[in-house]
Amino acid sequence: MGLSTHVLDTMHGCPAAGMDVQLFATHGADSRLLKAFTLNADGRNDGGPLLDNDSLQVGTYRLVFSVKPYFKALGVALPEPSFLDQVTLDFGVADTRQHYHVPLLVSPWSFSTYRGS
């Protein structure tokens with residue numbers, strides 16, 4: 001199954017359709033952009049997994065979720081500066097035979113994540 005993500009907008013109780021996301025491979029302070037995409041109506045990547053099992057490697061990765069632009073586009077009144085702009089999740093992959101699912105639950109003022117199935 002590789003690597004996947006899913007974003008839920010907890011302010012509105014729905015998938016975060018239209019949110020921009022970037023996936024990076026990281027090594028120390030260095031990062032390399034692997035993929036940039038916009039979440040579909042279900043809050044997921046349109047093309048399925050972000051990385052399939054053959055592309056997923058042992059190592060560290062970063063997902064960057066563009067939270068502020070998403071909520072501004074929905075007309076949410078945000079202070080300036082907003083509390084959250086981007087949510088950055090750094091995580092490791094130790095076993096490429098397993099599925100790594102990285103969900104994000106987000107509002108303009110909070111977020112939560114976990115390793116899903």
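Reply: Strands E3 and E4 form a hairpin with two residues between them, and Gly-28 in the turn has a positive phi of about 65°. Helices (H or I, at least four residues) and strands (E, at least two) are DSSP runs, numbered from the N terminus.

Me: What kind of model is this, and how are residues numbered?

Reply: The model is predicted: local features need pLDDT of at least 70, side-chain atom pairs count only at pLDDT 80 or more, and totals for chains, interfaces and linings use all residues. Residues are numbered from 1 along each chain as its sequence is written, while side-chain values use heavy atoms, with hydrogens and water left out.

Me: Which residue in E4 is the bridge partner of Leu-23?

Reply: The partner of Leu-23 is Lys-35.

Me: And how do E3 and E5 pair?

Reply: E3 and E5 pair in the antiparallel sense, over six bridges. Val-21 stands opposite Phe-65 of E5.

Me: Now the charges. How many salt bridges are there?

Reply: The count comes to four salt bridges, a salt bridge being a side-chain nitrogen of Lys or Arg within 4 Å of a carboxyl oxygen of Asp or Glu. Side chains of opposite charge can pair when their charged atoms come close.

Me: Which residue does Arg-62 pair with, and how far apart are the closest atoms?

Reply: Arg-62 forms a salt bridge with Asp-90, and the closest N and O atoms are 2.6 Å apart. Arg-62 lies in strand E5 (residues 59-66) and Asp-90 in strand E6 (residues 86-93), so the pair ties together parts that are 28 residues apart in sequence.

Me: What about Lys-68 and Glu-80?

Reply: Their side chains meet in a salt bridge at 3.1 Å, N to O. Lys-68 lies in helix H1 (residues 67-73) and Glu-80 in the loop between H1 and E6, so this pair ties together parts that are twelve residues apart in sequence.

Me: Is Lys-68 buried or exposed?

Reply: Lys-68 is buried, with a relative accessible area of 17%, whereas Glu-80 is exposed at 63%. Buried means under 20% relative accessible area, exposed over 50%, and partly exposed in between (1.4 Å probe, protein chains only).

Key: Two strands pair if DSSP finds at least two bridges between them.
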